[in-house]
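Please have a look at the structure first.

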Protein chains: 2
Amino acid sequence: MSLSPDLFIAGTRRAGRGDPVHAVAPATGERIGPAFGGATAEDVADACAAAAAAFRPYRAAGLERRAAFLEAIAEEIEALGDTLIERAVLETALPPARILGERGRTVGQLRLFARVVRQGDWQEVRIDPALPDRQPAPRPDIRMGRIGLGPVAVFGASNFPLAFSVAGGDTASALAAGCPVVVKAHPGHPGTSALVAEAVDRAVARCAMPAGVFSMVAGANHAVGAALVTDERICAVGFTGSRAGGLALMALAAARPRPIPVYAEMSSINPVLVFPHALASRAEAVANAYIASLTLGGGQFCTNPGLLLLPEGPGAETFLRAVESALAAQPAATLLSPAIHAAHQAGQAALAATPGVDCIGTGAEARGPCEARPTAFVVDAARFDAIPHLSDEIFGPTGLVVRCPDAAAMAGIMERIEGQLTIALHIDAADEEAAATLLPVLEEKAGRLLVNGFGTGVEVCDAMVHGGPFPATSDGRSTSVGSYAIERFLRPVCYQDMPPALLPEMLRDRTPQQA
Amino acid sequence: MSLSPDLFIAGTRRAGRGDPVHAVAPATGERIGPAFGGATAEDVADACAAAAAAFRPYRAAGLERRAAFLEAIAEEIEALGDTLIERAVLETALPPARILGERGRTVGQLRLFARVVRQGDWQEVRIDPALPDRQPAPRPDIRMGRIGLGPVAVFGASNFPLAFSVAGGDTASALAAGCPVVVKAHPGHPGTSALVAEAVDRAVARCAMPAGVFSMVAGANHAVGAALVTDERICAVGFTGSRAGGLALMALAAARPRPIPVYAEMSSINPVLVFPHALASRAEAVANAYIASLTLGGGQFCTNPGLLLLPEGPGAETFLRAVESALAAQPAATLLSPAIHAAHQAGQAALAATPGVDCIGTGAEARGPCEARPTAFVVDAARFDAIPHLSDEIFGPTGLVVRCPDAAAMAGIMERIEGQLTIALHIDAADEEAAATLLPVLEEKAGRLLVNGFGTGVEVCDAMVHGGPFPATSDGRSTSVGSYAIERFLRPVCYQDMPPALLPEMLRDRTPQQA
């Protein structure tokens, strides 16, 4: 399997003449080849023009061919075999087992959306038949269905080189909705991106899809992404990344002559609330599970438990001692890139230097160039409330425990906290009443509420919500994981008194056998 | 029935100390009493604080009480009787029959949403049951449901003093979704607004709803609306009005520390496409129906047919002559307000002064202070393409006919046109093939496509889409009319491994009898 250093523009390869992207192996800190050509403004415009040209033929290809295309992408990704796994491991330092699992999730996602496309519920078909005899005026025949918004720009994420990247959730849901996709490859894993882009290209050819249905551009600077988001043919944006990056894309999209929706998943500290009875009965087990979640994948999940609220009382000291022990057994984590590593180290150092913030414990010392030392800190609730930056996300294996003198302190923090992806409750049966009191505020603060678990580990299913109020995402009305993600890229169209021959297939009358 | 000149803040009346609002009777151009007090920033903040405080208890009241509340609002509006009709006629110069019809639509809308609330489909309940034996890891129990976004700001529209105003579609759908509402009354009909606000207040009291679930503020300047949209407790905005107004609210909402969705319905010229066979067979009938639609309600519908594309060939001259005759029989129209009248006169004059734009015909001369003369103009396709301002909306009874030399010219115009609320096709059976060729572009340009009708007259039903791509609206993913409008104000929340006692009612397991 060759590794193309070129741009993927509507089924053709083109040498990028913009600033090149160099992959870095986080484990060694060294550059690895090849150099991937960066896109110029012209390359971006060509990709967008091809996407716009592909929109109608792609829609017209019909649902069965669209579903088969999604399945073909999954097959072609699997056909990349170990080449893909090895390259992704090299570029991200994530372990092979994790990348294998992520590949399974990625192809599973594509196949889930193939099923969703075939099932067709997302078209939201509604039919109000004519009422010719209605008084004072007859009612016409009115039918609604939903179609895709148009070409979608997808930004690959650093921390899921497959499942939130070139052929990840946003691409799968946009293609399922009937929208061509132009991907901006994440510079952290350009080779992985190129391999997956090749797989998608092969699926496009195999399924005889219009070439512009997929393009991928790369670039080492922000200009490429900005050109993509501001191209007049782009109709929506999917992004997973930093808060600064998401806010920048939101501002660009809102300032366009024709503003477009941005679905940016940005930052979350995913509060974990431990309740008194659960703490008294199983402090050690909760602590061990907490540290396992905090350090999973180097702590580089959007759902990483950055904040834990601990009630004073029986079990609190046991919990803190167990956190210390569990951390002591943790190896240092090689983070995804030098930039992410630098940001993590700065965040961790700032936390350590904050008066009133104490270290609970640490894992093994960092040695390699991108290594981070898993660390948990503790602070009291009054100080946490007084220092706004303590609720900023630190992306990586660093956690903060807040000691809450009573339930009111815990509730107060949750009333004031920003929007989150997840909130986890650790409760025993005797805590349920107290938890019930808090639920209304928690529902307003997060897209996903969990009991006796942690947010790391996001099921790809129909009921999943991986989203949440700002600033967890730019748009709390949607999810980036699970079948409900198709909602992002749809709009309703209504047809009034349309002759049967002109109605879209989805809105035609069915014989009883078809219904 | 007394007419309160006060602000309605969470069930209490408060004299407004900001710039007052004076109603004007468009028929005479004279001020009518009383002076309605304008809101200060503090009044707006109080209304928003009360709305935020009401959000949880209003949600907790449950669906049956919420539905009954919507029905109570409808009853209280009906109980206003002729007082409401007379005041609305006085403030808008719309005829009593129209206002009566609009009241029917308004209460019908509230009752429709009561049914929608009870039915509960909008909660989008999804349940992925636990799979404890799944390999390599068990699946937790995952359930999704949707809840309201939070307090919603609703801006009353000038042209529907009941159906798109204080208790109009946005208010009904927001309340149905579980969101408290703060209305900014439209200054064009302050008395009508006060009467309806009184009715809503009575329904709030009768149904023992939390007082903050409804407030109404007024004001003669933009500061009141800006304070409302930028209040940190407001979670979404509904607006129907001008493009300038909508864009201003979008910019304010995007610049907030926590950006929020804005649903602004702004401007549309609602292209009407006449096809050759239809023109040859029934030019006169189409022309008469066109002029009836163009002048309906003084041409002051969002769906007014501002643009008509006419093919050259048999019937074209007949059509233009019939337009001239139909117009000649039209009386002058009293527009809604001096400001709307002034804007219409300026737009009509600019059109008349554009080289290459000819007058087809006019209605009766304008005499009264807010009267406008119904007028249709004609221009050729090449000139239409060359002069961008010819596709600007002129709100009122002014239409532009574009002569298209062939189908390609018509298609070209539709490819380049901005987003629209509606597009109407006039076709005979022999035109269907040509219409089918155009449909893919039309679907991208409008929220509603009609055959052999006009967009004026919007059914309130399940399949209606009164929306469309920018700049027809700020957000083409939704509708402001019909039951689908509830989608605007909802967000999904996911519950993982939640004990039954903590699950929201909508997500609990049902016995077979309940299902």
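The report below covers the pairing of the chains, the salt bridges, a pair of packed helices and some backbone details. Please keep in mind that this is a predicted model.

**How the two chains meet**

Two copies of a chain are related by a rotation about an axis and a shift along it.

How many residues take part in the contact between chain A and chain B? On chain A there are 68 residues in contact with 68 residues of chain B. Of the interface residues of chain A, 100% are also interface residues in chain B, so the copies meet through the same surface. Between them, chain A and chain B bury about 5600 Å², and 56% of that area is on carbon and sulfur atoms. Three residues deserve a look here: A:Arg56, A:Arg477 and A:Leu502 supply 13% of the area that chain A buries against chain B, more than any other three residues.

**Salt bridges across and within chains**

Side chains of opposite charge can pair when their charged atoms come close. Over all chains, the structure holds 59 salt bridges, and 10 salt bridges are found across the interface of chain A and chain B. The side chain of B:Arg477 meets that of A:Asp475 in a salt bridge, at 3.7 Å from N to O.

Within chain A, A:Glu64 forms a salt bridge with A:Arg118, and their closest N and O atoms are 2.8 Å apart. Because A:Glu64 lies in helix H2 (residues 63-79) of chain A and A:Arg118 in helix H4 (residues 96-119) of chain A, the pair ties together parts that are 54 residues apart in sequence.

**A helix pair in each chain**

Two packed helices are described by the angle between their axes and the distance between the axes. In chain A, helix H7 (residues 222-230) packs against helix H8 (residues 243-255) at an angle of about 35°, with the axes 9 Å apart. The crossing of H7(A) and H8(A) is right-handed. On the H7(A) side the contact is made by A:Ala226, A:Val229 and A:Thr230, and on the H8(A) side by A:Leu249, A:Leu252 and A:Ala253. Which classes of residue make up this contact of H7(A) with H8(A)? Five are nonpolar, one is polar and none is charged.

In chain B, the axes of helix H7 (residues 222-230) and helix H8 (residues 243-255) come within 9 Å and cross at roughly 35°. The crossing of H7(B) and H8(B) is right-handed. B:Ala226, B:Val229 and B:Thr230 in H7(B) meet B:Leu249, B:Leu252 and B:Ala253 in H8(B).

**Backbone details in chain A**

Most residues other than glycine have a negative phi, and most peptide bonds are trans.

| Cis peptide bond | Omega |
|---|---|
| A:Gln135 to A:Pro136 | about 0° |
| A:Phe470 to A:Pro471 | near 5° |

Where do these prolines sit? A:Pro136 is in the loop between strand S5 (126-128) and strand S6 (142-148) of chain A. A:Pro471 is found in the loop between strand S20 (446-451) and strand S21 (490-496) of chain A. A:Asn452 also has its place in the loop between S20 and S21 of chain A. The phi of A:Asn452 is near 55°, a positive value in a residue other than glycine.

Key. Residues numbered from 1 in each chain as written. Chains lettered and ligands numbered in written order. Predicted model: local features only at pLDDT ≥ 70, side-chain atom pairs only at ≥ 80, totals over all residues. Heavy atoms only, no water. Axes fitted to C-alpha atoms, helices over the stretch in contact; angles between N-to-C directions. Helix = DSSP H or I, 4+ residues; strand = E, 2+ residues; numbered from the N terminus. Left-handed = near helix turned anticlockwise from the far one by under 90°. Contact = heavy atoms within 4.5 Å. Buried area = accessible area lost by both parts, 1.4 Å probe. Salt bridge = Lys/Arg side-chain N within 4 Å of Asp/Glu carboxyl O. Nonpolar A, V, L, I, M, F, W, Y, C, P; charged D, E, K, R; others polar.
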